[in-house]
Amino acid sequence: MIAKRIKQLKSQFNNFGIDGYVVPKNDEFFSEYAAKDRLKIISNFTGSAGFAIILKKKNYLFVDGRYTLQAEIESGKQFKITKYENIINCKLFKKLTLGIDPQLFTSFQLNSYFKKYNNIKEIESNLIDRIYNKYSFQSKPFYSLHKNITGENHFAKINKISSFLKKNKKNFLFVSAPENAAWLLNMRGYDNPNSPIPNCRILISDKKKIFLISELIKFKELIKEKKIKEN
């Protein structure tokens, strides 16, 4: 099954003008355990950290010391298991063009891991999703936690951020980490298999306006709760 998926992935390389493709463990929200575990799909590796780099003739799986034996057992037949730290400015595949999904990497990762010796090509359509899209995942609405549980209501937290923005003469704060969004609005969700962290982002203004960025279906219960409180 893994060999077939790797073959299907490589069959796309010429269409996109790349020599290889990089598959990280994280999703676009940089969750350690994500509902879309693309690294497991392409390598069978189930650890919490790692990168797969699939080239036309070789496949590398970078993992840290915790997972060396596990990676050999799960993925050793198809991948060369390599120490995680060796990916930094890696010389194993110099002067190649590597495809990436730009949503899954930080600029620091790209600069540290690949850009010194390789060309990076951003591909908006994730190539793993093009060959496999059977994720057992359904979007469910976010839900709120009561002040008795959180110890502080979200209005108080918003007031603090608004005061901080005004003090520093800033108009907006962009909250990109889902765990920080969960703290700010005292909300939880069903987006991760091992935690109730809600996958979303928030833009908050110095005037206390909140822009919640996620799928619309996930807002339904929060909107209902707000209406009930206002009535």
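Is aspartate 37 buried or exposed? In this predicted model, aspartate 37 has a relative accessible area of 15%, and because buried means under 20%, the residue counts as buried.

Figure 1. A polar atom of its side chain lies 3.2 Å from the backbone nitrogen of lysine 40. When residues up to four places away in sequence are not counted, aspartate 37 touches Lys25 and Tyr135.

**Figure 2. Helix α1 and its buried face.** Helix α1 spans residues 2-10, and its buried residues are Ile2, Arg5, Ile6 and Leu9. Seen down the helix axis, these buried residues fall within an arc of 100 degrees, so they line one face of α1. An α-helix has 3.6 residues a turn, so residues three or four places apart point the same way. The face turned away from the buried side carries Lys4 and Lys7, which are exposed. The elements that cover the buried residues of α1 include α2, β1, α3, β2, β3 and α6.

**Figure 3. The largest nonpolar core, with leucine 61 among its members.** This core has 25 residues, and those that touch the most other members are Tyr21, Ile54 and Leu61. At least two residues of the core come from each of several elements, including α1 (2-10), β1 (20-24), β2 (51-55), β3 (59-63) and α6 (127-131). Apart from this core lies another, of 16 residues, with Val22, Phe51, Ile53 and Tyr60 among them. Leaving aside neighbours within four places in sequence, leucine 61 is in contact with a set of residues that includes Leu39, Phe45, Phe51, Ala71, Phe79 and Ile81.

**Figure 4. Aromatic pairs around phenylalanine 51 and phenylalanine 105.** Ten aromatic pairs are found in a search of the whole structure. In one of them, the rings of phenylalanine 51 and tyrosine 84 have centres 6.0 Å apart and planes at 35 degrees, so the pair is tilted. Phenylalanine 51 lies in strand β2, whereas tyrosine 84 lies in the loop between β4 (80-83) and β5 (97-100), so their pairing ties together parts that are 33 residues apart in sequence. Phenylalanine 51 is buried, with a relative accessible area of 2%, while tyrosine 84 is partly exposed, with a value of 23%. Phenylalanine 105 and phenylalanine 114 form an edge-to-face pair, with 6.4 Å from centre to centre and 80 degrees between the planes, and both of these phenylalanines are buried. Ring pairs join Phe51, Tyr84, Phe105, Tyr113 and Phe114 into a cluster.

**Figure 5. Helix α9 and the elements that cover its buried residues.** In helix α9, which runs over residues 178-185, the buried residues are Pro178, Ala181, Ala182, Leu184 and Leu185. Seen down the axis of α9, these residues fall within an arc of 165 degrees, so they line one face of the helix. Their cover includes α8 (154-167), β8 (172-175), β9 (187-188), β10 (201-205) and β11 (210-213). Just after α9 comes asparagine 186, which takes a positive phi of about 50 degrees.

**Figure 6. Lysine 140 and the ring of tyrosine 190.** Here the charged end of lysine 140 sits over the ring of tyrosine 190, at 5.3 Å from the centre of that ring.

Conventions:
Residues numbered from 1 in each chain as written. Predicted model: local features only at pLDDT ≥ 70, side-chain atom pairs only at ≥ 80, totals over all residues. Heavy atoms only, no water. Core = buried A, V, L, I, M, F, W, Y, C linked by side-chain atoms within 4.5 Å. Buried < 20%, exposed > 50% of the residue type's maximum accessible area, 1.4 Å probe, protein only. Helix = DSSP H or I, 4+ residues; strand = E, 2+ residues; numbered from the N terminus. Contact = heavy atoms within 4.5 Å. Arc of directions from axis to C-beta. Phe/Tyr/Trp six-rings, centres within 6.5 Å; stacked < 30°, edge-to-face > 60°. Lys NZ or Arg CZ within 6 Å of the ring centre and 35° of its normal. Polar contact = N/O pair within 3.5 Å; in protein donor to acceptor, adjacent residues only side chain to side chain.
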